[in-house]
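Here is a walk through one protein chain. Start at a single side chain, then widen the view.

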Amino acid sequence: MMKKWIALLLASAMVLSMAGCGSEPKESSQAEESSQAEESSQAEESSQAEESSQAEESSQADSAGADQSSESEAGGESGADAPPASEAGSFTTAVEGKLTMATNAAFPPYEYVEGGEIAGIDAEIAAAIAGKLGLELQIDDMEFDSITEAVKSGKADLGLAGMTVTPDRQEEVDFTVSYATGVQVVIVTEDSAIASVDDLFAEGASHVIGVQRNTTGDIYTTDDIEDEGLGTIDRYSKGAEAVQALKTGKVDCVVIDNEPAKAFVAEVEGLKILETEYVTEDYAAAMSKDNKALYDAVNAALQELIADGTIQGIIDKYISAE
């Protein structure tokens with residue numbers, strides 16, 4: 001009996017032992033499978049997160065690229081609004097670092113020699129323009145009829161000499177905006193029979209008229225009087241020479257700008273200016289047609305000087321209001 005119980009106990013123990021051994025591997029396998037599934041899920045989530053991050057970075061990079069492209073395009077548009085080359089100082093001059101003015105320093109108060117230096121309205125205007133452009137002014141004195149050629153050839157940057165804008169001159173050079181108004185007048189001796197400008201055009205008139213060569217006084221009288229057979233024109237290199245010819249009786253009158261006329265009459269006794277004007281005209285700076293950048297820079301500077309009252313101040317310094 002005892003043996004049977006012992007046998008039964010041993011058998012039960014064996015069954016229990018086998019059941020325990022069989023369940024442990026199953027639970028272990030399930031745990032392992034669960035762990036693997038979790039790791040796989042985590043790996044998949046990590047992969048998805050990484051792909052999402054990469055996609056976002058790629059999107060940001062594309063966006064940045066688009067921004068850069070947009071900025072580049074905007075920069076191109078901004079470049080179109082940039083100041084012109086002339087304002088940026090990209091022009092060239094006859095002498096580097098200098099603004100060369102061609103003039104005839106025998107036309108007071110616009111240009112004349114004083115103390116060995118060239119002074120006058122045009123000289124001061126040119127100095128003001130040069131200052132705005134950051135240049136040093138250089139003035140070359142020459143015969144009046146050489147000024148246009150000096151400008152055309154590039155030996156001078158601009159011509160300032162009480163020069164009137166005329167159609168013929170516009171074919172040779174470009175002119176800036178006008179900075180002053182000139183008036184051509186007639187100088188006669190105090191006892192002259194010429195009482196008005198109309199006398200020069202009267203039927204049967206035959207006067208000898210003195211002018212400075214290639215000035216508008218020369219141009220106008222040549223067209224109006226000489227070509228019409230109403231008189232003869234005597235041409236001189238300087239206005240002062242024409243006035244001296246009047247004083248000595250070589251000519252009957254002199255046609256010249258009003259301002260130098262007043263200066264000459266003040267210096268030479270026995271002369272007067274007729275009350276009637278010959279013609280009114282505009283003065284401007286003559287410049288080469290082949291240097292657009294410099295023309296734009298000078299013209300802009302001159303306009304600014306006119307607008308802020310600098311030009312009028314210079315003129316008033318030499319010409320008193322009447």
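Begin with a polar pair: the backbone nitrogen of glutamate 259 lies 2.9 Å from a polar atom of the aspartate 257 side chain. A polar contact is a pair of N or O atoms within 3.5 Å; within protein, one must be able to donate a hydrogen and the other to accept it, and residues adjacent in sequence count only if both atoms are side-chain atoms.

This is a predicted model: local features need pLDDT of at least 70, side-chain atom pairs count only at pLDDT 80 or more, and totals for chains, interfaces and linings use all residues. Residues are numbered from 1 along each chain as its sequence is written, and side-chain values use heavy atoms, with hydrogens and water left out.

Aspartate 257 is found in strand E11, residues 253-257. Helices (H or I, at least four residues) and strands (E, at least two) are DSSP runs, numbered from the N terminus. Aspartate 257 is buried yet has no salt bridge. Buried means under 20% relative accessible area, with a 1.4 Å probe and protein chains only. A salt bridge needs a side-chain nitrogen of Lys or Arg within 4 Å of a carboxyl oxygen of Asp or Glu. The nearest side chain of opposite charge, lysine 262, is 8.2 Å away. Contact means heavy atoms within 4.5 Å. A cavity is a set of points on a 1 Å grid over the protein atoms alone where a 1.4 Å probe fits but cannot get out; lining residues have an atom within 4 Å of a point. How many cavities of 30 Å³ or more are there? The count comes to one. The largest cavity has a volume of about 100 Å³, taken as the space filled by probe spheres set on the points. Its lining has 17 residues, with Phe107, Phe144, Gly162, Thr215 and Thr216 nearest the centre. Helix H5 (216-226), E11 and strand E13 (279-283) each supply at least two lining residues.

H5 also has buried residues, among them Thr216, Tyr220 and Ile225. The buried residues of H5 pack against several elements, including helix H4 (167-172), strand E8 (180-189), E11 and E13.

Move to strand E1 (residues 98-103), which holds alanine 102. Alanine 102 counts as buried because its relative accessibility is 0%. Its C-alpha atom is 5.0 Å from that of aspartate 140, 38 residues apart along the chain. Leaving aside neighbours within four places in sequence, alanine 102 is in contact with residues including Asp140, Met142, Ile147 and Leu160.

Finally, the whole chain. It has nine helices and 14 strands, and 37% of its 322 residues count as buried.

Conventions. Buried < 20%, exposed > 50% of the residue type's maximum accessible area, 1.4 Å probe, protein only. Lys, Arg positive; Asp, Glu negative; His and termini not counted. 1 Å grid on protein atoms, 1.4 Å probe; cavity = no way out; pocket = protein on both sides within 12 Å on 5 of 7 lines; lining within 4 Å.
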